[in-house]
Amino acid sequence: MYPNLYYAFNDFFGVEWNWLKIFNSFGFFVALAFIAAAWILTLELKRKQGLSLLVHTEQKIMVGAPASITELFTNFILGFLLGFKIIGAIVIPDALNDPQGFILSSKGSTLFGMLIGLLFTGLKWWEKNKQKLKNPEERVIRIWPHDRVGDIVIYAALFGFAGAKVFDNLEHWDSFVSDPIGSLISFSGLTFYGGLICAATALYFYARKNKIPFVHLCDAAAPGLMLAYAVGRIGCQVAGDGDWGILNSALISNQEGSLIPAKVEEVNNIIAANHTFYADQFATFKSVQSLHIEPFWGLPKWLFGYNYPHNVVNEGIAFTGCTGNYCHYLPISVFPTPFYETIMATIIFFILWSFRRKINVAGRMFAIYLIFNGAERFLIEKIRVNSKYSIFGFHPTQAELISSLLVIIGIVLYWYAPKIKIKKHQLA
């Protein structure tokens, strides 16, 4: 596992660049996911523009004016934060021993914060001064929906992360109650559906404000959302963020952390020896959940069961002689569900991408996305470890409830889509 980019570069290239510890592997892949989604969304919005489904809006801007106080102050703050935290993490001794803790603390380099802040301020002043006119003039520019992809991504990121965090704490209510502040600011624990729901709500109002037909925005975003999900799940797998499946009792870990075939009595002994750990893992289950599936067709063992050595959440048992963070591995293998989801989401992306030109009814592309997304997540939940609720004798997970609802909404939307009327004022 690679908790942060330092471990990845050290393994692949043999270099020891401590400053890379500040870049969490999961966060790195989330960033790539947003970039991938933005790229696909831009292509789709341009395609829909070519079909005359989208129009531009006009906006007045001032050309040739010097940098405003607000612009200079904003650039100073951004530069200060960069110097205070990012460069501070490099120059302050031991800061990178716990990069997440350092980022969330008040520690940093004031000197480099001020220097980089002043540099950013000077660059903004210089940039605007080059474009300054003797008599600044007001101009009207056209802005197409694809020009707003940057804003759309920022809104999706802010409200998506907030929603993912809120839904995760609802799913793990006991942990939230015991440590509400720590649960809210922790980098771990994000629920995809919470992010999807909150981001979609925010973008609905954004689209209305900027006269973008929301149904066309959803259709354009559908393939990109699926690709982003596939890339994001790579981050879960690489970092070992606890987002894994139930036990595969066919494989256990030896003292070196390598996977070896297991016997039933060996598995039972490990569960008994680590009773507290597994009781916590399966707290909302009646018993420890496991399947016994041995590797076949010559495929690598880790595809069937993985023990997530050096996982970012420090779960399992510690390697002998290893101290500090990221020293744990799982004693019994679990199904690597993030990898399974990456494969399924990638396949769904290509299905959506190949059919996008053939679906001419607004809303149906997004309906198909909802159906595929919900079905994929519902199926994977059957071998995942998630908190279960008790509802009228049923024991679903939060993701099973939401994914089922998404499938139903997708089916209804597919049927209702031809009746959707796009308001004329949105296309004016």
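## Ground rules

Residues are numbered from 1 along each chain as its sequence is written, and side-chain values use heavy atoms, with hydrogens and water left out. Since the model is predicted, local features need pLDDT of at least 70 and side-chain atom pairs count only at pLDDT 80 or more, while totals for chains, interfaces and linings use all residues.

## The cavity

A cavity here is a set of points on a 1 Å grid over the protein atoms alone, where a 1.4 Å probe fits but cannot get out. One cavity of 30 Å³ or more turns up, and the largest cavity holds about 40 Å³ of space (the volume filled by probe spheres set on the points, which are joined across faces, edges and corners).

What lines it? Lining residues have an atom within 4 Å of a point, and those of the largest cavity include Trp-244, Phe-277, Tyr-278, Leu-330 and Val-385. Helix 12 (275–281) and strand 8 (332–334) each supply at least two lining residues, with helix 12 giving the most, three. Helices (H or I, at least four residues) and strands (E, at least two) are DSSP runs, numbered from the N terminus.

The lining divides into nine nonpolar residues, two polar and no charged. Ala, Val, Leu, Ile, Met, Phe, Trp, Tyr, Cys and Pro count as nonpolar, Asp, Glu, Lys and Arg as charged, and the others, Gly among them, as polar.

## The nonpolar cores

A nonpolar core is a set of buried Ala, Val, Leu, Ile, Met, Phe, Trp, Tyr and Cys residues joined through side-chain atoms within 4.5 Å; buried means under 20% relative accessible area, with a 1.4 Å probe and protein chains only. The largest has 28 residues, and Met-226, Leu-227, Leu-352, Phe-366, Tyr-369 and Leu-370 touch the most other members. Helix 10 (214–239) is one of the helices that supply at least two residues of this core, and its nine are the largest share.

Leaving aside neighbours within four places in sequence, Leu-227 is in contact (heavy atoms within 4.5 Å) with Ala-36, Ile-40 and Phe-349. A second, separate core of 21 residues includes Ile-246, Val-267, Ile-270 and Val-385.

Helix 14 is mostly covered, with 12 of its 17 residues buried, among them Phe-366, Tyr-369 and Leu-370. Its end C-alpha atoms are 24 Å apart, which agrees with the 24 Å its 17 residues should span at 1.5 Å a residue. The expected span is 1.5 Å times one less than the number of residues.

Helix 15 has 19 residues and reaches 27 Å from its first C-alpha to its last, close to the 27 Å expected. Its buried residues include Ile-402, Leu-406 and Leu-413.

Methods: On a 1 Å grid over the protein atoms alone, a cavity is a set of points where a 1.4 Å probe fits but cannot get out, and a pocket is an open set with protein on both sides within 12 Å along at least five of seven lines; lining residues have an atom within 4 Å of a point. Buried means under 20% relative accessible area, exposed over 50%, partly exposed in between (1.4 Å probe, protein chains only).
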